[in-house]
Amino acid sequence: MIESSQRLHWVDQARGWSIFLVVYGHNFPAIEPYIYSVHVPLFFFISGMFHKAPLSKFSLIHRAKTLLVPYFSWASMLYIFWLFVGKNFGKSSALDLSPWDNLLGIFYAQGGQQYMDWGIPLWFLPCIFMVFVLYGWLWRIIPTRFMDSAVLFLGLLGLLWSKFVDISLPWSIDVAMVALIFYRLGHLLKEPLKALSIKNSIAILAIMLSIHLTTFYLNPEKIDMYRSIYGNPILFLLSGAAGSMVYLLMFRLLPQLKILAYLGQHSIVILATHLRALTLIKGMIYVALGSTVFVFSEWDKLWLSFIQLALIVPVVWMVNKTFPILDGK
């Protein structure tokens with residue numbers, strides 16, 4: 001099976017599934033706690049699969065172009081929209097949020113609604129950049145035989161910080177230290193996953209699914225990596241790692257789903273715009289029905305996710321036609 005010179009479409013599909021879960025999860029469905037247990041770990045796991053070399057000036061600049069340029073571009077546009085429009089409507093209008101704090105939030109990229117009411121989901125881009133930097137730096141200075149220990153040590157520091165220090169670090173550095181564990185697993189397991197036979201893939205998927213669901217069920221707290229909420233850290237790590245394996249193996253076994261691969265290849269635009277797509281939908285409902293009270297059933301929330309993605313597709317096309325750097329290209 002030759003895939004070295006081609007995209008791994010099953011990985012794109014898993015990434016697409018993860019970004020769909022982000023959109024769906026932000027519509028607050030009943031399965032929101034489950035979604036939060038796996039969608040962000042899966043993103044970190046997949047990102048680790050494509051880490052190629054120790055940190056260098058070239059790789060740092062390249063990664064900054066593909067993550068930080070889109071982040072600051074989208075954050076600036078979303079902030080301007082929030083400043084002149086968004087903060088005057090909906091829940092934001094009742095919170096009396098500071099424009100200066102939210103401007104600071106663009107550069108700090110943490111702190112919750114008080115600082116990122118314009119677009120909390122974008123926290124992930126500076127965070128994954130920090131994961132890349134930390135991992136590349138470790139790879140550069142740590143002997144290979146100590147790499148796993150170094151990653152676990154930093155992961156433990158991140159977990160201890162979340163437990164004993166009530167301060168969110170800029171660019172989610174504390175979260176990045178924890179995410180290194182998923183990132184490392186992705187880096188280690190890419191080639192073994194590619195080499196698995198169908199029979200072994202099914203067997204491992206079944207085992208990982210059992211671990212994933214059991215550890216999710218036993219964890220007493222809803223996971224939220226952005227807010228450094230992990231519940232039981234061991235159960236969180238096991239659930240996130242096993243769940244990542246489940247979805248990667250599942251999409252490796254299933255026929256290719258081009259729509260998911262497409263979403264996976266354009267996840268930055270979707271991450272940046274899906275909440276504004278929901279704002280547009282609510283605006284259309286208001287114009288049509290005159291109602292400002294939005295109560296959605298579970299089926300409504302699922303369909304809303306599909307409609308949000310459909311509205312974003314033209315944006316993806318326009319961005320990649322005119323300013324592809326906004327999609328990390």
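**View 1. The order of elements in the protein.** Read along the sequence, the predicted protein follows the pattern α-α-α-α-α-α-α-α-α-α-α-α-α, and its secondary structure comes to 13 helices and 0 strands. Helices (H or I, at least four residues) and strands (E, at least two) are DSSP runs, numbered from the N terminus. This is a predicted model, in which local features need pLDDT of at least 70 and side-chain atom pairs count only at pLDDT 80 or more, while totals for chains, interfaces and linings use all residues. Residues are numbered from 1 along each chain as its sequence is written, and side-chain values use heavy atoms, with hydrogens and water left out.

**View 2. Helix α1, residues 9-25.** The 17 residues of α1 should span 24 Å at 1.5 Å a residue, and because its end C-alpha atoms are 24 Å apart, the two values agree; the expected span is 1.5 Å times one less than the number of residues. Of these 17 residues, 15 are buried, so that α1 is mostly covered, where buried means under 20% relative accessible area (1.4 Å probe, protein chains only).

**View 3. The whole fold.** In the protein, 49% of the 329 residues count as buried, and the C-alpha trace spans about 60 × 45 × 40 Å along its principal axes. Among contacts with a separation of 6 or more, 77% join residues 24 or more positions apart, a contact being heavy atoms within 4.5 Å.

Note on methods. Buried < 20%, exposed > 50% of the residue type's maximum accessible area, 1.4 Å probe, protein only.
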